[in-house]
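Hello,

Here is the structure I promised to pass on to you. Please have a look at it first, and then read my notes below.

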Amino acid sequence: MSIDPKAPLCPNDGAPLTARGTLWQCAECAGYFQLAGRCNVCGNDLERLTACGAVNWFCNHCKELKSKSVVQYHLVSATP
Ligand SMILES: [Zn+2]
Ligand SMILES: [Zn+2]
């Protein structure tokens with residue numbers, strides 16, 4: 001399942017999530033989630049770099065920035 005990083009859906013119930021700072025909250029189950037990225041080449045979790053309001057993803061294994069179009073997104077539970 002691919003995730004739209006601008007409008008992710010709750011992994012529990014499929015409801016649209018609302019942005020809460022760097023987290024996302026579900027209106028249905030009230031859960032908080034964080035968007036995480038995985039490298040399309042090596043499968044490692046990517047480091048999220050925020051600069052000037054733009055989000056970049058860096059792979060510590062490949063030692064390179066990943067373009068948003070190749071990042072494989074997933075949601076992880078978060079605590080606000
Ligand atoms: Zn939910
Ligand atoms: Zn990588």
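(Strands here are DSSP runs of E with at least two residues, and helices are runs of H or I with at least four residues, both numbered from the N terminus.) Leu75 counts as buried because it has 20 C-beta neighbours inside 10 Å. The cut-offs are these: a residue is buried if 20 or more other C-beta atoms lie within 10 Å of its own, exposed if 12 or fewer, and partly exposed in between, with C-beta atoms placed from the backbone. Leaving aside neighbours within four places in sequence, Leu75 is in contact with Ile3, Pro8, Pro11, Phe33 and Leu35; contact means that the C-beta atoms of two residues, placed from the backbone, lie within 7 Å. Ala36 is 39 residues away from Leu75 in sequence, yet their C-alpha atoms are 5.8 Å apart in space.

A word on the source: this is a predicted model, in which local features need pLDDT of at least 70 and side-chain atom pairs count only at pLDDT 80 or more, while totals for chains, interfaces and linings use all residues. Residues are numbered from 1 along each chain as its sequence is written, and chains are lettered from A and ligands numbered from 1 in the order in which they are written.

Now the whole chain. Its secondary structure comes to 0 helices and 7 strands. Of the 80 residues, 16% are buried. Among contacts between residues at least 6 apart in sequence, 35% join residues at least 24 apart.

Strand β7 belongs to an open sheet of 4 strands in the order β1-β2-β3-β7, with antiparallel pairing. (Two strands pair if DSSP finds at least two bridges between them.) β1 (17–20) and β7 stand at the edges with a single partner strand each, so one side of each is left without a neighbour in the sheet. From one strand to the next, the twist averages 40 degrees; axes are lines fitted to C-alpha atoms, and angles run from 0 to 180 degrees between N-to-C directions. β1 and β2 are joined by 4 antiparallel bridges. Thr18 stands opposite Gln25 in β2, and Ala19 has Trp24 in β2 as its bridge partner. These two strands, β1 and β2, form a hairpin with 2 residues between them, and Gly21 in the turn has a positive phi of about 65 degrees.

The other sheet is also open, with 3 strands in the order β4-β5-β6 and antiparallel pairing. β5 (residues 54–59) pairs with β6 over 3 bridges, and Trp57 stands opposite Lys66 in β6.

Finally, two loop residues to look at. Ala30, in the loop between β2 (23–26) and β3 (32–38), has a positive phi near 65 degrees although it is not glycine. Ala30 counts as exposed, with 7 C-beta neighbours inside 10 Å. Cys52 lies in the loop between β4 and β5, and its phi is also positive, near 55 degrees. Cys52 counts as exposed with 4 such neighbours inside 10 Å.

Best wishes
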